[in-house]
Amino acid sequence: MLETLRRDPDALVDGQWWRALSPLLVQAPAWQAFLTVPAIAALGVPVERLLGSRAMLALYLIPGAAGEALGYLWQPHGAGNSVADLGLAGALVAWLFLAAGERSWPTPLLNRVRIWGGAVLAGSVVDTVFRDIHGVPTLAGAALGAALLRRRRHRA
């Protein structure tokens, strides 16, 4: 299955269009699935509760597609959903900065959590500079999450 769904630039050019997103469905190396598959639930459930199911799906697929596109440029052979998982993480970071203050969290706790969120964003920039495919999806998730949060505020 991995050979059929992983990133393969030659197969993509030959018309196997599904390879644009199919690497999100398999994991190489396989052991990483023990981390990335549970991360879908650990990150996706809070994103869905905060932003809704359609937003959660968009925050998984759009950054995931961006990560796979970069994967074709920077790491042409591989697979995994970590890039999509990090889109969800980026959205949670956006929520920490834009909406978490609406909760009744103690200020010291909120500040500590935001420091970690800032570290995630800074790490994403560093990843991108070093051409790691995980940075842009995290930043894309943060940007899309921020846009969705602001849109929700304007509607309210």
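This is a dialogue on reading a predicted model of one protein chain.

Reader: What does the secondary structure of the protein chain come to?

Author: The model is predicted. The chain has seven helices and zero strands. Along the sequence the pattern reads α-α-α-α-α-α-α.

Reader: How does the radius of gyration of the chain agree with that of a compact globule?

Author: A compact globule of 156 residues would have a radius of gyration near 15 Å, and the protein chain has 16 Å, so the two agree. Along the principal axes, the C-alpha atoms fill a box of roughly 55 × 30 × 25 Å.

Reader: Which share of the contacts joins residues at least 24 apart?

Author: Take the contacts between residues at least 6 apart in sequence: 71% of them join residues at least 24 apart.

Reader: How should I read a helix, and what span does α5 reach?

Author: An α-helix has 3.6 residues a turn, so residues three or four places apart point the same way. Helix α5 covers residues 82-98, which is 17 residues. From its first C-alpha to its last, α5 reaches 24 Å, close to the 24 Å expected.

Reader: How many residues of α5 are buried?

Author: The count is 14 of the 17, so α5 is largely enclosed by the rest of the structure.

Reader: Is Asn-81 buried or exposed?

Author: A residue is buried under 20% relative accessible area and exposed over 50%. Asn-81 has 3% relative accessibility, so Asn-81 counts as buried. Asn-81 sits in the loop between α4 and α5. Beyond its neighbours within four places in sequence, Asn-81 is in contact with residues including Pro-23, Thr-36, Ile-40 and Tyr-60.

Reader: And Ala-30, buried or exposed?

Author: Ala-30 counts as exposed because its relative accessibility is 56%. Ala-30 lies in the loop between α2 and α3. Ala-30 and Ala-20 are ten residues apart in sequence, and their C-alpha atoms are 20 Å apart in space.

Reader: How much space lies in the largest pocket, and which residues line it?

Author: Rolling a probe the size of a water molecule over the atoms shows where empty space is left. Here the largest pocket holds about 220 Å³. Among the residues lining this pocket are Leu-50, Ser-53, Leu-148 and Arg-155.

Reader: Which helices supply the lining of the largest pocket, and of what class are the residues?

Author: Helices α3, α4 and α7 each supply at least two residues of the lining. Helix α7 gives the most, with four residues. By class, the lining has four nonpolar, two polar and four charged residues.

Methods
Residues numbered from 1 in each chain as written. Predicted model: local features only at pLDDT ≥ 70, side-chain atom pairs only at ≥ 80, totals over all residues. Heavy atoms only, no water. 1 Å grid on protein atoms, 1.4 Å probe; cavity = no way out; pocket = protein on both sides within 12 Å on 5 of 7 lines; lining within 4 Å. Points joined across faces, edges and corners; volume = space filled by probe spheres on them. Nonpolar A, V, L, I, M, F, W, Y, C, P; charged D, E, K, R; others polar. Expected span 1.5 Å × (residues − 1). Buried < 20%, exposed > 50% of the residue type's maximum accessible area, 1.4 Å probe, protein only. Contact = heavy atoms within 4.5 Å. Rg over C-alpha atoms; globule rule 2.2 N^0.38 Å.
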